[in-house]
Amino acid sequence: METQMSYFQKHPDVTKSSFNTFMSKGQFKDVSIHASIFEARVTGSPNVELEVYSAPEQERMTFEHAVKQEFKPIENGHSFGPSWTTHWVRATLQIPSEFAGKEVRLLFNPSCESMVWSADGQPLQGLTGGDGNDRRHEFILTSKAGAKEAKRILYLEVACNGMFGVGDYIIGPPDPNRYFTLQPVELIVKRPKACALYHDLVVLSQIIDELSKDSPRWWQGLSTVDKVMTAYDATDENSLDACLAITSEFFKAKTGDAAHQVYAIGNCHIDTAWLWPYDETKRKIARSWSTQLGLIEKYPDYMFAASQAQQFEWLKEFYPGLFARVKEQIKEGRFIPIGGTWVEMDCNIPSGESFVRQFLLGQKFFEENFGERCKVFWLPDTFGYSSQLPQIMKLSGAEYFFTQKLSWNNINKFPHTTFRWVGLDGSDVLCHMCPAETYTAEAKANQLISSVKKHKDIGYTNESLYLYGFGDGGGGPSEEMLERLSRMKNVDALPKVKHAHPNEFYDYVSKNSKDLVTWNGELYFELHRGTYTSQAKTKKQNRQSEYLLRDVEMLSAIARSLGKDLVYPAAEITRLWKLVCLNQFHDVIPGSSIEMVYEDSDKIYADVLESARDMKENAIVALFGDSGMCATEQATGTLVFNSTSWPRTDVVAVPGMSQGLGAQQVRKQDQATLMVAASVPSGGVQIVSPVNDANVVPVSAYCDSNGHFVLENLYVTAKFNASGHLASFVDRRMERELIPKGRAGNVMRLHDDVPIFWDAWDIEINHLHKFSVMDASSITIIDEGPLLASIAIEIPVGKSSKMKQYVSLSAVSLRLDFDCDVDWHESHKCLKTAFTWDIRSKFATYETQYGVVQRPTHRNTTWDMAKFEVCAHKFGDLSEFGYGVALLNDSKYGYATLDSTMTITLLRSPKSPDTNCDMGHQSFRYAVYPHQGSFNESRVVQEAYQFNVPLVQLPVDMQVAAASELQGSSFFAVSDAPNVVLDMVKAAEDGSHDVIVRLYEAYGGHGKAVLTTKLAFGGVAKTNILEEQTESLDLKAAAGSGKDQSMVVNIKPFEVVTLRFKA
């Protein structure tokens, strides 16, 4: 009797190695599975004829314009370039008669990105050139060729950039002279059975690689592929049937009823800008989404999700036909708009109002265009998550949150997968972080197994989301991924998998999970801490835009409500907010994009700031034009408007006024006339004279006997030593020295700043170990009072940089201001300013969106240590019982506090992906604000607001202005609750004359605020941030105040309250 001996069990590693060879395209490809894939292929004339038109420079022209140009013949091997240029290829294709009855594909690989267009101008599919995993070279010409096909013409828009731009490595600065080679262009026919077998074997290979030898399915899988290799004959197509019969037996074994359930959703995360500019993103969207529409048509159960309303709006504007196809599939539930925001924004830098606008713009777009709002807030790739997001999400109608970025933490592993995330105010949302730990999964068995192994809350819920598809640069799922998933839906050794809408997953978990854990507060990301600082100009312009638009909306809404001659500029305000929100994308405002992106963002901010200033001026003229407004040189005084919700006293500076007015002081730096604006009413107007105010105790500047430069007023004494350090800072009211003996403030530290890899993204903990202190080269007294005293400090920094500081103290404030100009030319250095205080506390308090967050000042645990650099908005505060000091800023976000030393990171100098990041002139301001009482008893929030929001000024004739009915008016005021801030006044989005007022509780306590308004309204209601009524409130005549109206607002800790006043 003859027997066939099997060696695979005794030598499984040999069998596995043989199988790897069988699957490869290496030296044995003529006898491997790849030998059977292609049935036929042709290239060259008459089947493939190519011509090209190269657009000038970096022009991205329309299809209609491109096809009218003169095309010239090219051959395989043609070189496209240089970087960022566009080349239109006209392909005349003749399918040979021998391809009749077969599916025929065009194989086109220009080694870069491209788009297939029909001859009549319809975008059909994106292609990704090159040899990476994300390659996509094939376009289906016909599913069944006729016996005699007519010639057909396609256009291919070749973009000279790869999926990740044109850098030498993934985050390398762009190479401006990259060229891309056109590989042979072919018409191909594949063998369906060979392709099916190949996909079977790929899944088997992945299962074998992931399982261990103690698993029976490992042995079954190895036995299956051993039998396939035995049955396969590359010269005999009939052997494919036998091989498929063998693999089908393996896939017949199903998983158990209690197996983990994976909800799979295709996506192609498209960074709205990153290693490519905005204009290229517009084409990436079309390339990616057209491809996915094709897959939706081919695979009946496939679903694809896409976020970012901005990207949908671009598609609508530039590719209307494609947008119409997307809308059709949205109606069918196959193409899923998700996220609810304008872009996938950074969640560290933008203000609370910016968060609101992200959701307001996003949800409004989705509802107006698709008839639905998003329930899932979708942020797979953002660098940390503010503790106010749960509240803002819920106020926008979103119930669920998705991310996975915390899987990148480089110190501590985040302990949860599915949990309730509790925000600063107590709002909670269901949060899921996919256990496959990626949003660009590739439909691989090992990733599905990880969805079980890495699920940290599987005891509470046995489900997970699985996001697959090439991403960051777009692309999305491939045909191969969908083929693999179809084989892994229900097979023993793997969890169950189904295509699903993310809502289905979250709704199921919300209803069926048991005892989910909670996570309170921010989701701090233990990586990319340098993004609080990189691209300083961008962050500054964002802050300026946020507060300038605040002034515009408030002044315009008040003017219209008073019946002034002003058409509320709603459309322009919306346009500008869209631009501001666009630049808040999570690779733009953090500072992690290429230089071209910041050239674009600078233009956008210039547009925003210019237009907003014009609208602000128009509103000021409409409101106050009849109050004695005149040219500055003719003015005898200044009208000031206080947009904050509390009375304030400031020294204001008015450049260009006549020097013959008897002003108390003219600032030497710019010859601005100084005057005291005393007790300007909240939300109101005051007329200010430059003449002497006897109630002000003068401030002074002088040198003392110890060589210190001294700034002193009624409240504080600040002494600077010859190094430019704040050697002494005394609260004169309490006779308290705030600087410990032998320590100082305003100490400039130049640190080495060399991350492990992510240059613009990361400040690593080891940067703290190596720094040099930068000392002043000169100090000069500039202003000596009586309203303002100042000194100038010049500081050489590093090898080739320098800083000039103007340090000033006014007569009316405890705040010590530092205005800085830096000529910055360092490489892999970061500049910090450090202040050491005679204050002891286990935590410091930092402003976040609509509130504050406390973080440790010690390094007891690795969780404490990981927060060696943290994000703050307008201030960081260090307080103990009875006293504290805050560091305020006008555009800086990177803070750190260790023991009693607080630092602000001022500048960085990374070299990738932008070689010139932050090089050149930089200007910024910070300030020291001491206060009696702990933080919760202070006015730090208010002072930081005033530091960022100056009084609105208008030069006036004092005699005319004094008679104005607006003198002393208070349009909006908040009383009886010093912890409540009025943050925004604006017109309602629906075009009515209703006015929206947004307040928040800033310190973490309850409040019963009285909101009073001079404007006449017919009622008031509480709304969500989409301005839809949630509760009716009472609006009454204010006691003893004429026509004023008031209402009581009961507010909870860190609550955001939106009110709608009815016209």
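A quick word on the model: it is predicted, so to speak of local features we need pLDDT of at least 70, side-chain atom pairs count only at pLDDT 80 or more, and totals for chains, interfaces and linings use all residues. Residues are numbered from 1 along each chain as its sequence is written, and side-chain values use heavy atoms, with hydrogens and water left out.

Let's start with the annotation. UniProt, in an unreviewed entry, lists residues 526-605 as "domain: Glycoside hydrolase family 38 central"; such annotations may be inferred rather than shown by experiment, and the positions are in the numbering used here, with feature names shortened. That stretch is 64% helix and 0% strand, with its end C-alpha atoms 30 Å apart. Helices here are DSSP runs of H or I with at least four residues, strands are runs of E with at least two, and both are numbered from the N terminus.

Please find helix 14, residues 536-561. Its 26 residues span 38 Å from first C-alpha to last, close to the 38 Å expected, where the expectation is 1.5 Å times one less than the number of residues. Of those 26 residues, 23 are buried, meaning under 20% relative accessible area with a 1.4 Å probe, protein chains only. After the helix comes Gly563, with a positive phi near 75 degrees.

Now, the cavities. How many of 30 Å³ or more does the whole structure hold? The search finds seven. A cavity is a set of points, on a 1 Å grid over the protein atoms alone, where a 1.4 Å probe fits but cannot get out; lining residues have an atom within 4 Å of a point. Points are joined across faces, edges and corners, and volume is the space filled by probe spheres set on them.

The largest cavity holds about 220 Å³. It has 19 lining residues, and Ser351, Gly352, Tyr547, Lys874 and Asp983 are the closest to its centre. Helix 14 turns up again here, giving the most to this lining, with four residues.

The second largest cavity is about 120 Å³. Among its 18 lining residues, Asn348, Glu522, Thr848, Arg855 and Cys871 lie nearest the centre.

Last, the sheet: four strands, open, antiparallel, in the order 49-52-56-55. Strands 49 (972-975) and 55 (1036-1037) are at the edges with a single partner strand each, so one side of each has no neighbour in the sheet. Strand 55 pairs with strand 56 (residues 1045-1051) over two bridges, and DSSP must find at least two for a pair. Lys1036 sits opposite Ser1046 in strand 56.

Technical notes
Buried < 20%, exposed > 50% of the residue type's maximum accessible area, 1.4 Å probe, protein only. 1 Å grid on protein atoms, 1.4 Å probe; cavity = no way out; pocket = protein on both sides within 12 Å on 5 of 7 lines; lining within 4 Å.
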